[in-house]
Amino acid sequence: MSEPILATRGLTRSFTQGGATIEVLRGIDLTVGPGEIVALLGPSGSGKSTLLQAVGLLEGGFQGSIRIAGQEVAQINSAERTEVRRDRLGFIYQFHHLLPDFTAAENVVLPQLIHGAGEKEAADRAERLLSALGLGHRLTHRPSQLSGGEQQRVAVARALANRPALVLADEPTGNLDEATADVVLAEFLRLVRGEGSAALVATHNERLAARMDRVVRLHEGVLE
């Protein structure tokens with residue numbers, strides 16, 4: 001049996017506020033297999049974003065085990081965390097966070113250059129990814145010249161630019177109207193599957209979650 005791309009064991013996170021301890025994550029055991037797209041379903045405040053921040057090595061203060069592509073990463077140092085994020089993870093957020101002064105293609109090229117790709121290789125891959133998302137005619141447009149759905153498609157291409165083992169998506173269609181969200185999600189699922197990446201997608205939308213390979217539910221910091 002293939003080793004999971006993501007495996008957490010006993011993952012906890014708590015905050016102290018006003019003298020009281022608030023447990024946000026309470027012993028999360030979660031696995032995501034190679035090529036699997038898993039929906040992390042739960043209402044606002046259930047801990048979905050906190051769990052993604054833990055798995056994405058974006059914030060400290062967690063207890064427990066996190067393994068990504070077979071490597072234990074919960075206690076690695078800052079430089080090693082940066083390397084794992086760069087080489088093994090892709091991120092998509094509710095808001096696209098594109099660089100406004102760069103074109104769609106340049107937004108997808110840049111992370112590849114940081115990763116060490118050559119300029120032509122990076123440009124060719126950016127064009128392939130964006131074309132696969134229906135943006136082949138928008139390569140030279142800046143974010144302000146794109147619709148919300150187009151901007152989020154660019155964010156999807158950027159997340160996949162370096163062929164991550166795992167894509168982490170936090171409400172990736174939450175800022176879009178229903179019709180656009182359906183289209184963007186369909187293209188996201190198709191492209192992630194085509195690239196062979198695994199994905200963990202946080203959402204509160206039951207309908208969208210049902211289109212993924214598996215659904216796990218987070219309620220008050222506990223997976224149900």
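**Pockets, a cavity and the helices around them**

The largest pocket has a volume of about 370 Å³. Here a pocket is an open set of points on a 1 Å grid over the protein atoms alone, with protein on both sides within 12 Å along at least five of seven lines. A volume is the space filled by probe spheres set on the points, which are joined across faces, edges and corners. The model is predicted: local features need pLDDT of at least 70, side-chain atom pairs count only at pLDDT 80 or more, and totals for chains, interfaces and linings use all residues. Residues are numbered from 1 along each chain as its sequence is written, and side-chain values use heavy atoms, with hydrogens and water left out.

The largest pocket is lined by 17 residues, and Gly90, Phe91, Pro111, Arg158 and Ala159 are the closest to its centre. A lining residue has an atom within 4 Å of a point. Four elements each supply at least two lining residues: helix 2 (78-88), strand 6 (89-92), helix 3 (104-115) and helix 5 (148-160). Helices (H or I, at least four residues) and strands (E, at least two) are DSSP runs, numbered from the N terminus. Helix 3 gives the largest share of this lining, 4 residues. By class, the lining has 10 nonpolar, 4 polar and 3 charged residues. Ala, Val, Leu, Ile, Met, Phe, Trp, Tyr, Cys and Pro count as nonpolar, Asp, Glu, Lys and Arg as charged, and the others, Gly among them, as polar.

Ala105 also sits in helix 3. Beyond its neighbours within four places in sequence, Ala105 is in contact (heavy atoms within 4.5 Å) with Ala126, Leu130 and Leu139. Ala105 and Leu146 lie 41 residues apart in sequence, and their C-alpha atoms are 12 Å apart.

The second largest pocket holds about 160 Å³ of space. Its lining has 17 residues, with Thr173, Gly174, Ala181, Asn205 and Leu208 nearest the centre.

The largest cavity has a volume of about 30 Å³. Val156, Pro172, Thr173, Val184, Leu185 and Phe188 line the largest cavity. The cavity lining has 5 nonpolar, 1 polar and no charged residues.

Helix 6 also meets helix 4 (residues 119-132): their axes come within 10 Å and cross at roughly 135 degrees. Axes are lines fitted to C-alpha atoms, for helices over the stretch in contact, and angles run from 0 to 180 degrees between N-to-C directions. Helix 4 and helix 6 are therefore oblique to each other. Angles under 35 degrees count as roughly parallel, over 145 as roughly antiparallel, 65 to 115 as roughly perpendicular and the rest as oblique. Arg125, Leu129 and Ala132 of helix 4 make the contact with Arg190, Leu191 and Glu195 of helix 6. These contact residues are 3 nonpolar, no polar and 3 charged.

Terms used: 1 Å grid on protein atoms, 1.4 Å probe; cavity = no way out; pocket = protein on both sides within 12 Å on 5 of 7 lines; lining within 4 Å.
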